[in-house]
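Please read these notes with the structure open beside you.

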Amino acid sequence: MELTAVISSYGQPALLRTCLIMLERALARAELPSSAIVVMDNGTLIPYRPVELGVADARIVRFDNRHPFSVACNRGAREIPAARYLFLNNDVFLHPEALLEMLDVMRDHEAGIVGARLVLPDDTIQHCGVRFDGGERGPYHQDHGKPSAIVTRVTSFPQAVTGAAMVIDHAVFTALGGFDEVFPFGYEDADLCLRARQLGVRIACAQGWDSLHLESFSDRRPDRHQASRRLFLERWRGRYAIDGDENG
């Protein structure tokens with residue numbers, strides 16, 4: 001398989017359906033020799049049914065109880081092995097050209113992991129790369145909240161990108177053992193990227209197209225990241241390059 005897209009999803013079938021329809025358009029534009037979609041039903045109370053997803057070929061793999069994002073993604077990747085994996089949140093609607101650009105960036109810049117430029121519904125930046133601060137802030141999204149129209153579209157090479165829309169090479173994913181399942185919610189993507197950099201893997205972020213991200217739409221608990229944040233800082237504090245305050 002050339003590429004397997006893995007989407008971990010809980011509830012909200014209408015949101016998932018829109019995500020899948022946009023993904024299908026992006027896959028068609030990329031014109032891959034072969035591709036597959038794995039939907040990880042992460043403990044949805046009423047299990048997903050293929051007929052309600054709006055796409056013909058998505059494979060549904062169900063957990064009866066909710067698992068961390070890292071566990072669901074790793075399981076989805078094992079379901080249909082491929083040369084590359086696309087990890088996608090169910091609240092991300094890819095621009096039709098976005099996946100093609102990500103794959104082009106991966107090839108042209110010999111990157112092992114490529115992220116995507118994501119915008120909020122008001123056309124401000126949600127993600128265009130992850131930066132690292134030397135204090136308690138740790139990792140944060142570059143240019144978050146700035147109008148997309150004023151943020152450069154030149155391909156960037158940050159230390160990390162979000163797992164909300166990430167393409168990773170199979171060999172890299174395998175060498176890393178996938179996402180570290182110790183993280184209960186969040187920061188597993190930054191951890192993955194930093195571990196990849198230790199192996200000499202290049203990280204890139206494709207900036208040409210704006211894909212929509214309804215940030216944290218599926219889980220709005222204000223404290224949802226705290227346990228993972230503590231784990232991340234315990235592991236990585238003092239071990240990443242300091243980008244500093246982008247406004248300073």
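This is a predicted model: local features need pLDDT of at least 70, side-chain atom pairs count only at pLDDT 80 or more; totals for chains, interfaces and linings use all residues.

Which residues have the most contacts inside the largest nonpolar core?

1. Residues are numbered from 1 along each chain as its sequence is written, and side-chain values use heavy atoms, with hydrogens and water left out.

2. The largest nonpolar core has 40 residues, and Phe 87, Ile 113, Ile 168, Phe 179 and Phe 232 have the most contacts inside it. A nonpolar core here is a set of buried Ala, Val, Leu, Ile, Met, Phe, Trp, Tyr and Cys residues joined through side-chain atoms within 4.5 Å. Buried means under 20% relative accessible area, exposed over 50%, and partly exposed in between (1.4 Å probe, protein chains only). Another core, of 39 residues, lies apart from the largest one and includes Leu 53, Val 92, Phe 93 and Leu 103.

3. Not counting residues up to four places away in sequence, Phe 87 touches several residues, among them Val 6, Cys 73, Met 166, Ile 168 and Phe 179. Contact means heavy atoms within 4.5 Å.

4. Arg 117 lies in strand S6 (residues 113–119). Helices (H or I, at least four residues) and strands (E, at least two) are DSSP runs, numbered from the N terminus. Arg 117 counts as buried because its relative accessibility is 0%. Its side chain reaches the backbone oxygen of Thr 152 at 2.8 Å, and a polar atom of the Arg 117 side chain lies 3.0 Å from the backbone oxygen of Val 151.

5. There are 14 salt bridges, each a side-chain nitrogen of Lys or Arg within 4 Å of a carboxyl oxygen of Asp or Glu. One of them joins Glu 97 and Arg 29, with the closest N and O atoms 3.0 Å apart. Glu 97 lies in the loop between strand S5 (92–93) and helix H4 (98–108) and Arg 29 in helix H1 (residues 13–30), so the pair ties together parts 68 residues apart in sequence.

6. Glu 79 and Arg 75 form a salt bridge at 2.8 Å between the closest N and O atoms. Because they are four residues apart in helix H3 (residues 69–79), about one helical turn separates them. Glu 79 is partly exposed at 23% relative accessibility, and Arg 75 is partly exposed at 26%.

7. A network of salt bridges links Asp 180, Asp 191, Arg 195 and Arg 235.

Methods: A polar contact is a pair of N or O atoms within 3.5 Å; within protein, one must be able to donate a hydrogen and the other to accept it, and residues adjacent in sequence count only if both atoms are side-chain atoms.
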